[in-house]
Amino acid sequence: MVGGLQCDMSYLLDVLKLLLGSYSGGFIVFWGAMLIAAAGTWILDFRYAERCAKLERTLFWAFGIAMILFAAWRPIGIARDDLQYLNIYDTVCPTLTCGKWIQGARDWGWYSLVGVLKSLVADPKVLLWLGAVGLLCKLLVIYNLVRRPLFVLLLYLSVYYELQDLTALRVSLSISVFMLGIWLVVKLNSWRYSVILLTCGFFHKQGYVAPLIIMGSILKPYRWLLTAFCIIPALLVFFGLYPQLQNFFSVNSWDFQNATVNQGLDLYLAAQQKGLYKESRNAPVVVYPLILFTLWLLLKAPSLNDKLHSIMAGCLAMGCLFLWGFVSLPDAQVRDWE
């Protein structure tokens with residue numbers, strides 16, 4: 001019995017060493033440690049609420065700083081878009097040398113910041129450093145807006161960290177600006193600070209739709225209207241009733257071809273013509289329970305901050321509309337939904 005237990009423990013240690021030697025394995029170990037920490041604080045909270053709250057915030061920054069450092073100093077090449085970003089880095093000129101303060105055919109804010117950083121440090125890692133600063137901004141917003149920051153960080157690590165902060169660097173910085181805009185609206189209790197949402201598109205063009213979340217201030221007071229905005233698009237997707245964008249953009253009278261290029265849909269349309277999306281679902285299965293769960297929270301949970309509650313309603317409604325509008329282009333659909 002004891003010998004068998006020792007054998008199992010030895011095997012477990014060998015597996016952990018093997019995991020720590022790989023990027024994906026190390027990520028699983030890190031996520032597991034955060035899960036244990038979050039579950040532990042939740043259990044302790046029943047008896048030691050005040051001390052547990054302090055412990056949770058300490059753990060939040062311990063894990064958060066580790067995530068920031070890894071985002072800043074990770075090896076270039078482990079994320080799927082790294083080679084593409086290296087090519088982009090080569091096309092950006094050092095601003096202080098070439099004198100080009102506005103760079104890039106789009107996403108000017110991101111390209112221009114890279115140009116300035118490249119003037120100071122001629123190393124592709126400036127791309128990662130910029131992403132790490134954006135991640136710090138996100139964590140500051142999370143820390144200041146939620147009651148259980150470690151649980152939110154666990155969710156963030158599970159869903160967004162690899163997808164955005166380590167991979168889609170322009171999208172990630174745009175979302176950092178998006179979250180800062182939300183924080184200003186909530187913290188200063190005024191919708192006029194939502195003007196910062198107009199700048200999200202300067203860092204990634206999909207961010208130009210960010211101001212649409214303000215429609216949550218109209219939907220939230222009317223539960224039936226909010227429910228309709230979320231449920232009807234989801235039902236249309238589920239039953240296969242959605243616009244065929246390839247037909248819409250094939251019309252030449254309004255020069256829709258240029259519109260597809262400007263909005264970045266040309267690559268998606270080309271992929272569709274090659275039959276890439278034939279086996280795709282109308283929407284990822286996980287989307288439907290997520291919509292219902294989030295809507296239930298919005299309708300049932302007490303509103304501790306009306307502005308934040310309205311923003312959450314606007315985000316869900318906007319996501320559902322995009323989920324329906326881009327069904328025929330699954331890559332665009334998922335990116336806009338996220």
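Helices (H or I, at least four residues) and strands (E, at least two) are DSSP runs, numbered from the N terminus. The model shown in these views is predicted, so that local features need pLDDT of at least 70 and side-chain atom pairs count only at pLDDT 80 or more, while totals for chains, interfaces and linings use all residues. Residues are numbered from 1 along each chain as its sequence is written, and side-chain values use heavy atoms, with hydrogens and water left out.

**View 1. The chain as a whole, with 17 helices and zero strands.** Of the 338 residues of the chain, 40% count as buried, where buried means under 20% relative accessible area, exposed over 50% and partly exposed in between (1.4 Å probe, protein chains only). Among the contacts between residues at least 6 apart in sequence, 70% join residues at least 24 apart, a contact being heavy atoms within 4.5 Å.

**View 2. Thr95 in helix H5 (residues 95–98).** With a relative accessible area of 1%, Thr95 is buried, and its side chain reaches the backbone nitrogen of Val116 at 3.2 Å. Apart from residues up to four places away in sequence, Thr95 touches Lys100, Trp101, Gln103, Ser112, Gly115, Val116 and Ser119.

**View 3. Lys100 in the loop between H5 and helix H6 (108–120).** Lys100 is partly exposed, at a relative accessible area of 46%, whereas Thr95, one of the residues it contacts, is buried. Once neighbours within four places in sequence are left aside, the contacts of Lys100 are with Cys93 and Thr95.

**View 4. The largest nonpolar core and Tyr161.** This core has 75 residues, and those with the most contacts inside it are Trp110 and Tyr161; a nonpolar core is a set of buried Ala, Val, Leu, Ile, Met, Phe, Trp, Tyr and Cys residues joined through side-chain atoms within 4.5 Å. Setting aside its neighbours within four places in sequence, Tyr161 is in contact with Phe27, Met67, Phe70, Ala71, Leu135, Tyr156 and Leu166.

**View 5. Ala168 in the loop between helix H8 (149–165) and H9.** Ala168 counts as buried at 13% relative accessibility, and, not counting residues up to four places away in sequence, it touches Tyr85 and Leu163. Ala168 and Tyr85 are 83 residues apart in sequence, and their C-alpha atoms are 9.2 Å apart in space.

**View 6. Ser176 in helix H9 (residues 169–187).** Ser176 is buried, with a relative accessible area of 2%, and its contacts, leaving aside neighbours within four places in sequence, are with Gly134, Leu135 and Lys138. Leu135 is also among the residues in contact with Tyr161.

**View 7. The packing of helix H11 (residues 223–238) and helix H15 (residues 287–300).** The two helices pack at an angle of about 175°, with their axes 11 Å apart; axes are lines fitted to C-alpha atoms, for helices over the stretch in contact, and angles run from 0 to 180 degrees between N-to-C directions. H11 and H15 are therefore roughly antiparallel to each other, a term for angles over 145 degrees, while those under 35 count as roughly parallel, 65 to 115 as roughly perpendicular and the rest as oblique. H11 contributes Arg223, Leu226, Thr227, Cys230, Ile231, Ala234, Val237 and Phe238 to the contact, and H15 contributes Tyr288, Ile291, Leu292, Leu295, Leu298 and Leu299. These residues divide into twelve nonpolar, one polar and one charged, where Ala, Val, Leu, Ile, Met, Phe, Trp, Tyr, Cys and Pro count as nonpolar, Asp, Glu, Lys and Arg as charged, and the others, Gly among them, as polar.

Terms used. Polar contact = N/O pair within 3.5 Å; in protein donor to acceptor, adjacent residues only side chain to side chain.
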